[in-house]
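Visitor: I am new to this structure and would like to be taken through it step by step. Please show it to me before we talk.

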Amino acid sequence: MGTAAPPVDPVIPTARRRRFRVFGRNPVVGFIVRRVTAGLATLVVASFLIFAAVQVLPGDVASIVLGRNATPSRVAALQADLHLNRPLIPRYLVWLGNTATGHFGDSSAALAQGSKVSVWQIIHTPLRNSLVLAVITILIFVPLCLALGVAAALRAGRRTDHAISLTALSLGALPEFLVGTLLIVIFFTQLKLLPPISPITPGETPFTHPNALVLPVLTLLCASVAFGSRLVRASTIEVLREDYVAMARLNGYPERRVILRYALRNALAPSVQVCAQMVQYLIGGIIITESVFNYPGIGTAVVQAVSIRDTQETAVIAVILAAIYILVNIVADVVVVLLVPKLRTQV
Amino acid sequence: MPVLEVTNLQVHAPSGDPILEDVSFSLRAGEVLGLVGESGSGKTTTALALLGYTQAGARIVSGRISIGGELVEAKVEPLARRVRGRLISYVPQNPGTALNPSMRIGDAIGAMAETHRPDRPSPSIGAALAAVGLPDAPDFQRRYPHQLSGGQQQRVCISAAIVCEPPVVVFDEPTTGLDVVTQALILDELMRLRREREIAMLYVAHDLAVVAQIATRIAVMYAGRIVEEGPANQVLRRPRHPYTRGLLASIPDHIEPRILEPMAGVAVGIGERPAGCSFAPRCPMRIDACDQAVPMLRALGNGQLARCVRAEEVTTPPQRLIALDRSAPAEAAAALCVSNLRAEHRSRRETVVAADQVSFEIDKGRCLALVGESGSGKTTIARTIVGLHAIAAGEIRLGDEKLAPRARRRTRDQRRRVQIVFQNPGDALNPRQSVGTAIARPARGLRGLSATDAVAEVKRLLDLVRLPQRLLERYPAELSGGERQRVGIARALAANPEVVICDEVTSALDVSVQAAVLKLLSDLRHELDLALLFITHDLGVVAAVADRVLVLEHGHVCEAGPTDAILHHATNDYTKRLLAAAPSISHVLEHGH
Amino acid sequence: MRHRTFRIPAFAQTTSGATGLALAVLILAVALLGPLFAPHSIATPIGPPGQPPSAAAPLGTDFLGRDVLSRVLHGGFSVVWIGTVATTLAYAAGSAVGLIAGYTRNLIDPILMRAVDVLLAFPALLVLLLLVSGLGPHIPVLILGVVLVQLPGIARLIRTATLETSTRGYVEAAVARGESMMSVLGRDIAPNIAPVMLADFGIRFGYSIILVASMNYLGLGLAPPTADWGLMISENRSVIGLNIWSVVAPAIMLALLTIAVNLIADAYVRTSGRSFTPRGRARILRQTDG
């Protein structure tokens, strides 16, 4: 047995050959381009669904918007203003073109009252306020999720883990409005420490009343840290069970090195995905949390817009939120590809 | 002066049941001890225990391990780590999953050197790679594990294991996941390293034929104890324990094909070991004394040790050589005829040809073996015949009927006449259906049997595959791998087929179980006049079971002919390479290493 | 036929699972049977608004003077039945989509999954808000919204599970026998992905309740004077200083319900021992079967 010829191993499996190469050699750039294109396509389809959702309903948009003020002449005027007498698809395409180029149009509800208020004027401040809230929350919850999740995973099955997991499970189960309300009960009603609703007036930035940010951020953190840390824990536990972690121990490496360079390094990618998921969850959570505290953000804006049936404002806000949602996905996917060598070289 | 000494190693499971008992052996520099055993024997537990490592909550209860005179604190894990890499290192079974996917291989090897010999100058990574036959270019060092082939990954693991020059290296079935040619190359590499560096190697394996290629001494384990030990030649030529004898009789050999003799009974699990000799329930030489106490491991001269009261009476298993059929195929119409078959794998990006211009015929009552490595297309061909994969060109005829590509489009009768048994007993059966239901389904669906008739039929089939009737109501999770595989065969037979395709049906089974299943298939073939298409990568199995052989490489037929012609008078280069690389005990006994 | 004696399911044998089960039974009993035990009507005031607990009203009165206890007893019913109906419908639709996509693979799968991806581009609450803005705050709209929100996730999960299962030997054996797609899905695939579905159903049921309650809180779901826990938490904010129970009582009920559902789902996942993680992972100790 055995041959005399020098050892020749079988051919190395080559990376998948693509039919045509975009941007030359670097597969990551090609991936980004493909991903962004897919995201844009999804956004376009989503925008159509949004448009259809707000426009197509039993009954007449104009009458419902006008409500009690609906007289035939006013209805006709509003219909003309809102271009409701044209068929759906051309209306949609015009609307899409406008929205994509930043012309967000005028508020339908305002039109119904006879005044012209641009949607952008209504939403740009709330948008900024919400971004402040979101960024602060994200800056806190990412490290917290990772720390708690990894800590629980490293002590899996022991008391610390049980304590963290059970607390996370219970807190994460609660709806945001419930957490927010309970926080108000504790911090305002009982302790009189923090304001229950946001005292920010239009024209001020959230930073003029930093106290007002505490409870909303806490509320958002509650569910996202709870869910996020459990997911990070689960994926970290999986990584800890991998063969290469056991092999690192068999190679005699100190435990610290095994955990950091072998386990956690490979748990980064799934954790990034978890964080992205939580950021998306946050976008939904913001809507309701702002309502609890009357925080002048995009969440309260969209709820209000829906209550008064302001179709244009609702649609624009929805498209913006969907775009952010999709963007977060894309960024997470790209980061994961950069982090995982196998994807980086074969994508 | 032995460089590794193990005395009375004892490892217990979390439940307190012993996994290893009274394991003692020693190793000298430059020696290769082959530790052989089937599943449940404790061989891997032994290998890991030498590094002070246990799996799944097991505990090292007692035992003395010393390497180069230094005592290994095996019971306390953090202390045991001190010897790893420096005195003893480990080469894993599956290098693909054992390497950190986010670490370049140059760094992986360098890390070993830095951690375990920080005071001495590190050997260059290039030299470490060249020492195992890998390119030393910086480009290659920057590769990630997934950019290497299986053989290259294993060489990287070996390089990392020896870079700090430990006196002892443990190899845990390092070639199990590799194809036969690569396996031969790796074994060559190991022998060269042993010669050059005088490393003491512990080579753990379940395949005695592979161990025979490389070991200077062999230790056989059964139910957590060493039952035989001695110089490799002696153990292989004249075993002194009935279990070793049974193993040797059930191992297929392609150089000297013989009829396999399976051992009775099944391996005993942890916690079920009898009070006396663990092998006694299955032993053909059992006497009353065997059940009373565990026999001691005693010396028998020639450096051989055996744990049997009747060791002196154990004889070499007789070689019942098969008279290989050299006759030409019969003139009658073939049961299955494949002509110019072409099969492809299509994805959105590319089309890969799995098989091309493949033609063969199988007659009733004959067995054709399709031999090839992974990627040769043999499984794809099997799937096209049974209708799970569409053919791109060519024709499949059953008798004189042409078969439609997809199973759904074939007639019920056609579907009935061709059946397949899968490789993996773990997922071949629906976990939610009892054995009886699983076997009955083809009988009812393809033969139209009523419920009552089907029950009778299932009972008959269980007898046919030599399974006890009480398994009727059991669920797959309660069965062993060998039992599940027999159920799979029974299920195939339930349709009353003419052609049965066996897709690597014994690859996932222990050697002794494999022998039993192969015997069963042989018997059934003769009893029922079945045409068997046997797919395998193991040439020894081919020798034991097939009349004719077809050798495949990358989807093309290299060579085809009667078994004897292929095994002993091959003409094609690839076939010759395969034959040379495939391990054979008889070859080792005749020609040495 | 399976002749198995009844065993306590594994998840109920864990502390958290048993606690969750007990809690869930308790709260569901209140939600479903509560209306039968309410001492007062939910619509007519029985005293001044925001009165603290008294003999006549053990939990005090709400912002309109109605009995909080009675309203709490009535308040769970809608959210539970709507949540159940919506989750079940979502599961029926999502499973169908997932099973077919996972089974047919190359044919219909890409189309279905693109559609699912689009639906997944929306934050959950936004979908509900959009539907309500278009169709009004009616119960069927709420149900439709919850279904649309849950469906993509379910379809994805079932699809992955189906894909994995369809490569198993017993499924291929059935396909080779020529069994119809429905037969294979029903006999071989569905029973084996059931544990995954059950665990997921539990978690989604909890989420559905949260969604409906949130919409009610925003005033865009069930309308007053319906007694609903979510609505009550919102409308009683003005009297929170006078009678804290008007907000805390429904809050506690809702909290216990969602916690209980999650405890059960988590215990089930931990004890069922099956998850659809990537297969074929070798262990260092690969033991061939005997």
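Visitor: In what order do the strands of the open sheet in chain B lie?
Guide: This is a predicted model, in which local features need pLDDT of at least 70 and side-chain atom pairs count only at pLDDT 80 or more, while totals for chains, interfaces and linings use all residues. Residues are numbered from 1 along each chain as its sequence is written, chains are lettered from A and ligands numbered from 1 in the order in which they are written, and side-chain values use heavy atoms, leaving out hydrogens and water. Strands (E, at least two residues) and helices (H or I, at least four) are DSSP runs numbered from the N terminus, and two strands pair if DSSP finds at least two bridges between them. The open sheet of chain B has 8 strands with mixed pairing, in the order 6-7-8-3-9-10-12-11.

Visitor: Which are the edge strands of chain B?
Guide: An edge strand here pairs on one side only. In chain B these are strand 6 (88-91) and strand 11 (298-299).

Visitor: What angle does helix 7 of chain B make with strand 6 of chain B?
Guide: Helix 7 (residues 150-162) of chain B packs on the sheet and touches strand 6 and strand 7 (168-172) of chain B; contact means heavy atoms within 4.5 Å. Axes are lines fitted to C-alpha atoms, for helices over the stretch in contact, and angles run from 0 to 180 degrees between N-to-C directions. Between helix 7 and strand 6 of chain B the angle is about 175 degrees.

Visitor: At what angle does helix 8 of chain B run to strand 8 of chain B?
Guide: Helix 8 (residues 180-197) of chain B lies across strand 3, strand 7 and strand 8 of chain B. Its angle to strand 8 of chain B is about 155 degrees.

Visitor: How much area do chain C and chain A bury between them?
Guide: In this interface, 44 residues of chain C are in contact with 48 residues of chain A. Buried area is the accessible area (1.4 Å probe) that two parts lose on being put together, summed over both. Carbon and sulfur atoms hold 75% of the buried area of chain C and chain A, which is about 3,900 Å².

Visitor: Which residues form the salt bridge between chain C and chain A?
Guide: A salt bridge is a side-chain nitrogen of Lys or Arg within 4 Å of a carboxyl oxygen of Asp or Glu. The rule finds 1 across this interface. With N to O at 2.6 Å, its partners are Asp266(C) and Arg230(A).

Visitor: Which element gives the largest share of the side of chain C that touches chain A?
Guide: Elements giving two or more residues to that side include helix 4 (109-119), helix 8 (181-217) and helix 10 (245-272) of chain C. The largest share, 10 residues, comes from helix 10 of chain C.

Visitor: How many salt bridges are counted between chain C and chain B?
Guide: Here 30 residues of chain C are in contact with 39 residues of chain B, and the two chains bury about 3,200 Å², 47% of it on carbon and sulfur atoms. Glu179(C) forms a salt bridge with Arg441(B), with the closest N and O atoms 2.8 Å apart. The count between chain C and chain B is 3 salt bridges.
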